[in-house]
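Open the model in your viewer and keep the sequence panel beside it. We will go from one selection to the next, and at each stop I will tell you what is there.

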Amino acid sequence: EQFGIDLPPALRQDSIWTYELGGKADLFDRVLTVEGSIYYSKWKDVTVRIPIATTGFNGLINSKGTTSKGAELSLVLRPTRELTLNASASYVDATYSGSVPGTGIVDGAIVDDVAKFTANASIDYRAELSDGVFGNARIGWQHSSPRRFTAFSGYLPGDRTNRIDARIGVDLDQVNLSLFVDNLTNEDGATSFRTVTPIAPGDND
């Protein structure tokens with residue numbers, strides 16, 4: 001026991017059961033590929049952190065676990081041999097299955113650091129410029145809904161983020177020459193609660 005918190009001498013091994021139903025289809029002579037699934041997961045004895053008084057340190061303890069229900073969908077479109085369009089999205093409702101005294105975790109609370117909705121899309125182009133020389137270009141977009149931190153209420157959630165990356169290049173036999181820009185729109189939102197500074201009560205009133 002540390003500062004009134006009863007920490008276990010050893011952690012129980014976690015276990016997970018997942019049930020998934022999905023399918024994939026190639027349509028219009030493989031011009032369009034569609035893939036999707038729905039799933040349900042029960043994860044028992046998930047390890048979580050528990051603060052030890054005001055020491056700034058955390059202990060580890062088993063929670064009752066988490067329950068996740070979600071769906072995923074992806075599309076790949078090939079209108080020409082040179083051009084490929086990709087898009088995908090996922091939704092997950094992940095919650096704790098019970099309360100953990102000494103933390104902000106209560107039954108039904110959102111699981112830490114899990115984005116409820118994510119999506120991405122990209123356009124890829126690759127064409128032969130001359131014998132054995134190929135040009136390529138790509139632009140991609142990534143989206144994430146805010147990630148929350150239930151266990152420690154002093155943390156604000158992360159931000160909703162949208163990021164765009166781009167690249168253009170040339171393939172010369174075994175050599176690739178490329179110019180690329182990451183985060184073209186200068187997205188500066190916090191992607192996780194771990195990059196958000198804790199606040200004192202009342203600071204965001």
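Start by selecting Gly98, which is found in the loop between strand 6 and strand 7. Strands here, like helices, are DSSP runs numbered from the N terminus (strands are E runs of at least two residues, helices H or I runs of at least four). With a relative accessibility of 4%, Gly98 counts as buried; buried means under 20% relative accessible area, exposed over 50%, and partly exposed in between, using a 1.4 Å probe and protein chains only. Show its surroundings next: leaving aside neighbours within four places in sequence, Gly98 is in contact with Lys64, Ile105, Val106 and Asp107, where contact means heavy atoms within 4.5 Å. Then draw a distance from the C-alpha atom of Gly98 to that of Ala109; the two are eleven residues apart along the chain and separated by 8.5 Å.

Before the next stop, a word on what you are looking at. Residues are numbered from 1 along each chain as its sequence is written, and side-chain values use heavy atoms, with hydrogens and water left out. This is a predicted model, in which local features need pLDDT of at least 70 and side-chain atom pairs count only at pLDDT 80 or more, while totals for chains, interfaces and linings use all residues.

**Colour by confidence**

Now colour the chain by pLDDT, the predictor's confidence in each residue, from 0 to 100. The protein chain averages 87, and 87% of the residues score at least 70.

**Switch to cartoon view**

How many helices and strands does the protein chain have? There are zero helices and ten strands. Of the 205 residues, 26% count as buried. Among contacts between residues at least 6 apart in sequence, 55% join residues at least 24 apart.

Eight strands form an open sheet in the order 1-2-5-6-7-8-9-10, with antiparallel pairing. At its edges are strand 1 (15–27) and strand 10 (175–181), each pairing on one side only. Neighbouring strands are turned by 10° against each other on average, direction ignored; the axes behind this angle are lines fitted to C-alpha atoms (for helices over the stretch in contact), and angles run from 0 to 180 degrees between N-to-C directions.

Select strand 6 (residues 83–96) and strand 7 (residues 117–130), which pair in the antiparallel sense over nine bridges; two strands pair if DSSP finds at least two bridges between them.

Strand 7 and strand 8 pair in the antiparallel sense over twelve bridges, and Ala127 stands opposite Gly135 in strand 8. These two strands form a hairpin with two residues between them, and Gly132 in the turn has a positive phi of about 80°.

Show side chains for Arg126 and Phe134. The charged end of Arg126 sits over the ring of Phe134, 4.4 Å from its centre. The criterion asks for NZ of Lys or CZ of Arg within 6 Å of the ring centre and within 35 degrees of the ring normal.

Continue to Ser144, in strand 8 (residues 133–144). Is Ser144 buried or exposed? At 10% relative accessibility, Ser144 counts as buried. Its contacts, setting aside neighbours within four places in sequence, include Ala115, Phe117 and Asp159.

Select Asp29, in the loop between strand 1 and strand 2 (32–44). Asp29 has a positive phi of about 60° although it is not a glycine, and it is exposed, with a relative accessible area of 75%. Arg30, found in the loop between strand 1 and strand 2, has a positive phi near 70° and is likewise a residue other than glycine. Arg30 is partly exposed, with a relative accessible area of 49%.
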